[in-house]
Every structure is written in structure tokens, then in C-alpha cells.
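Let's take a walk through this structure together, one spot at a time. Have the sequence and the 3D view ready.

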Amino acid sequence: RNPGGLLTACYGTVSSDRMCFSTGRSQDRGADETTERLMKNFNVWLKSMDAGVWEICDKVKRGGGTAWLVGGCVRDALVGGLPKEVDLATNLKPTDIVKIFGAAAEPTGLSFGTITVTASGSKFEITTLRREGNYRDGRRPSNVQFTESLLEDLERRDFTINAIAFDLLESKVFDPFGGISDLDKGILRMVGEDPGARLTEDGLRVWRAHRFIDGGQRGLRSVERDLDEALGDEKVRASAGNVSRERIWQELAKVLRGKYASSVMEKMANNDLLSVAFCLDKPIKCGGTEMLAQKFLVPCRRRIQGLRLNHSADSGDKTRNSEDPKYVILDMEATCHPQNKMQPQEVIQFSAVVLSHDINKGTISVVDEFDSFCRPTIHPRLSKFCKSLTRIKQGDVDKSPMLEEVLSV
């Protein structure tokens, strides 16, 4: 038997003509048309969805509850993505989920109502709907209360584009804050009336706000005015500093993987967040030719590579702890053309720095570094535009080895 196939055959895929919309805002015909158009993207994802999701939703319903798809998977699928991670929310208590799924259920976050369920060979997190108490430390709520209200659960979420839920079995989408419209228009808006208060509640929201400015293939999102003003507020910036270094760097890594990383980094610099991330006394300023170069060259670079190097015990260096993690920072400058902004051409400078992080001392030191110009072969004469952006002169590359020779070193 193929349970996934049976469920798909039973419930089918979601067609826009039988989709039910539930929203807290008045929706005109244009809004309905927008939702139906984006749901066509959503339908493509549903056709490839893991059978385990259908299985979980079916068993939860048989157990007297409802399971909704929530968060990033709904957001990304609506704009044409095919998210692999699926988050589920339910009105059943964690104890009920454990009873329903038995040995397939693993309590992985009971304090927040999260149970990890194995279905059709895959693992999924399903979390009980909840409302949160006051935030006292600028990071986490003082208490969490379970609720049966989907609205209460969605209104605690950060941005409208993340506050959309979908009932897979009933083919219903719940969008009480207009997140689908904001997705379509490319707007980043906070849930709630006071963005500043929401941001200071949890400093992580500040970093996430900047990350979500990058809309990938759909371009940069426009930040709603009140949210934009709040992101530049001194109190909001201070709350961003309450987040752990590890979590900040996780967010920065996601920013740097984005299509519009340079524009987001510029926004972060203007809001003085980079000085917070790098623990600097003075803010990092952006503007002029340097920032223009970043806009053109970031897509051509390999940013921070989290490559952990094995430090050989017989390398002759007895002063370093072999357990200390090593990281490589790679930077490549490439030839560029005003009409070809997003595609790298030829590498004309290659740099590498190896860093060692002494866990015990909490220090970072340079182990080794390498820098070399590279001679282009397809574009031997650097354009004026390229030289103005990279600050590399023709004489720098004329007598340099080719990239293949540099890499062999």
C-alpha cells in the first residue's frame, strides 16, 4: 500500500475555484484575484509535497483536531518556491499529538508545544497554537500559553508574509493580516500596530527584518514606513545586540546567500547594525564608488565559507589546539560590464585568509593568507568601468598568472 498515494487520490490538489479565503481585512475583487494567482504557485508545490504531511494532517483530523501549514513554507510556496521544510501548527495539545502518533512522536520542544513526528519516513515539527506573555529579556517570552485560536497564534508572528496558514485537508487559506497582498506587492510589514514595540520584544526580529528585504527572484521588498522608521531607532538597535553572536551570524549568513545581499548589507550599515554584528566602536558608513562596487561584485564572490579545516597534528605547529575550528574567507574580484551586472566573467584577483578561533580564549587569529592577481584571457583589456569598480589597474594583471595557476599553488 502507498498511504501517500491514497491520501493524494482522496484529497487531490488544491484548485483555485474551490479555494476558501479567510481574512480579517475586507477583500475586493482585485485582492481575490491576487490570492488565486499566487495559489497557482502554491498548487505546484502541493503536487510534490511529501506524503508524510498528508498523513499527519489526516491523523490529526481523525484525532479530533486540525493541522495547518504555517510560516516560511507557505510564504515561499506562494511566490513559486518549492520549500522542503514544512512547519505545522495544531489546536491539539502536545499530549494529544503524542497519543495519536505513539512511538512516531518525539517531544523535542515541549516548553513551546513542539513535537517532532515521523511520517512516511520523514520528520516534521508540529506545534500547538499558542499566545505569548511579555518579553522580559528582549529575546524570549516570559511564558507561553496554549490556545485553540489560530488568529491568536498568527498575530504573535513577526511579519504579515509569515502570518499565513493553510488547512491542507479543507483547502482553506487563512490570511488575517493581508500577507498575501504584501507578498504580491513586495512589501515587508510588521504584524501589529507598533513595529518598534514588536522589534524590541525580540531583537532577532531586527535581523530577520533585514533578511526578508531580499525577495530573491521577485526583487527587493519595500519596507513599510513605520517599520522602516523603527529599524533605525536606537532602542531597536540596542535590542538587536541582545541576540547571541551565533544567532546573529546565522542571519548574516542567510543575508549573504541572498540575491540582493549588497543592498541588504547597505541597509544594515545605514541602520548601524553592522557595527553591532562586528562589535565595532564606530559605525560602518556606506556610499560612493565602494558601495557601487559591492552592488556589482557581490554576486561574483564567494563570501564567508564555513569550511572547517583539519589541523594536522604533525604540521609542526605545536602551539595551536588541534580542536580549534579553522575558517577560510575567500574573495574573488571579477571582470564586469555595465550591461552584465549579475553574472561573473573572469576572476582577476583571488584572495584567501585562514582564521583560527581559539575557543578557550575567545580570540580569532590569522593562520595564513594568500593574495594574487589573475591574468584574464577572454577579456585581456580591462574596461574603464571594471577598473573603476575593482580599483585594479591593467598593469596589475598583465604579467600575472592565470586563475588555474593560482589555484594550483
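Start with Arg211, which lies over the face of Phe212, 4.7 Å from the ring centre. Keep in mind as you look around that this is a predicted model.

Arg211 also turns up where two helices meet. Helix 9 (residues 204-211) packs against helix 12 (residues 245-256) at an angle of about 5°, and their axes are 9 Å apart. That angle makes helix 9 roughly parallel to helix 12. On the helix 9 side, the contact involves Leu204, Trp207, Arg208 and Arg211; on the helix 12 side you'll find Arg247, Ile248, Glu251, Lys254 and Val255. Sort the residues of this contact by type and you get 4 nonpolar, no polar and 5 charged.

Now for some aromatic rings. The model has 3 aromatic pairs. In one of them, Phe42 and Trp45 sit edge-to-face, 5.4 Å centre to centre with 75° between the planes. These two are 3 residues apart in helix 2 (residues 29-47), so about one helical turn separates them. Phe42 is buried, at a relative accessible area of 1%. Phe42 also pairs with Phe166: the ring centres are 4.8 Å apart and the planes are at 65°, so this pair is edge-to-face. Because Phe42 lies in helix 2 and Phe166 in strand 9 (residues 165-167), the pair ties together parts that are 124 residues apart in sequence. Phe166 is buried too, at 0%, and so is Trp45, at 2%. Phe42, Trp45 and Phe166 form one aromatic cluster.

Last stop: Arg130, in strand 7 (residues 130-132). Is Arg130 buried or exposed? Its relative accessibility is 11%, so Arg130 counts as buried. Among the residues that Arg130 touches are Phe112, Phe146, Glu152 and Asp153.

Methods
Residues numbered from 1 in each chain as written. Predicted model: local features only at pLDDT ≥ 70, side-chain atom pairs only at ≥ 80, totals over all residues. Heavy atoms only, no water. Axes fitted to C-alpha atoms, helices over the stretch in contact; angles between N-to-C directions. Helix = DSSP H or I, 4+ residues; strand = E, 2+ residues; numbered from the N terminus. Parallel < 35°, antiparallel > 145°, perpendicular 65-115°, else oblique. Contact = heavy atoms within 4.5 Å. Nonpolar A, V, L, I, M, F, W, Y, C, P; charged D, E, K, R; others polar. Buried < 20%, exposed > 50% of the residue type's maximum accessible area, 1.4 Å probe, protein only. Phe/Tyr/Trp six-rings, centres within 6.5 Å; stacked < 30°, edge-to-face > 60°. Lys NZ or Arg CZ within 6 Å of the ring centre and 35° of its normal. Lists of a residue's contacts leave out its neighbours within four places in sequence.
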